[in-house]
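Please read the points with the structure open.

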Amino acid sequence: VQLQASGGGLVRPGGSLRLSCAASRSISSFNTMSWYRQAPGKQRELVASITGGSVIYYIDSVKGRFTMSRDNAKNTAYLRMDSLKPEDMAVYYCYVEYGLRSYWGQGTLVTVSS
């Protein structure tokens, strides 16, 4: 499985971005699709996850601001990020669990700065 993440960029505090994760195969068969992020000097952390196609988890710090979704027809998952804060600045990674294996996409950089 190959994952292509895109959509990162520079945004002012309070702004919005939408990240995309395009998969090389049908995402409807994936056990879990997730977004992780890693800020400089910090550990990679789980941001949002869809399990079983419908159960969505968010870390507390992004609840109410971030929305994860997926489009099975396009084999793509999304992370809509609103009301961005400087502390959201990180490299964001797409992650998939499929069968007994897991896969990472390359990261996409989100910079939040005025």
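What is the strand order in the open sheet of 4 strands?

1. The order is E1-E3-E8-E7, and the pairing is antiparallel. Strands here are DSSP runs (E, at least two residues), numbered from the N terminus, and two strands pair if DSSP finds at least two bridges between them. At the edges are strand E1 (3-6) and strand E7 (66-71), each of which pairs on one side only. From one strand to the next the twist averages 15°, with axes taken as lines fitted to C-alpha atoms and angles running from 0 to 180 degrees between N-to-C directions.

2. On basis: this is a predicted model, in which local features need pLDDT of at least 70 and side-chain atom pairs count only at pLDDT 80 or more, while totals for chains, interfaces and linings use all residues. Residues are numbered from 1 along each chain as its sequence is written, and side-chain values use heavy atoms, with hydrogens and water left out.

3. E1 pairs with strand E3 (residues 17-23) in the antiparallel sense, over 4 bridges. Within E3, Ala22 is the residue opposite Gln4.

4. The whole structure contains 1 disulfide (a pair of cysteine sulfur atoms within 2.5 Å). Cys21 and Cys94 form this disulfide, with sulfur atoms 2.0 Å apart. The pair links distant parts of the chain, 73 residues apart: Cys21 lies in strand E3 and Cys94 in strand E9 (residues 90-98). The torsion about the S-S bond is about -80°, so the disulfide is left-handed.

5. Cys21 counts as buried because its relative accessibility is 0%; buried means under 20% relative accessible area (1.4 Å probe, protein chains only). Cys94, at 1%, also counts as buried.

Key:
Buried means under 20% relative accessible area, exposed over 50%, partly exposed in between (1.4 Å probe, protein chains only).
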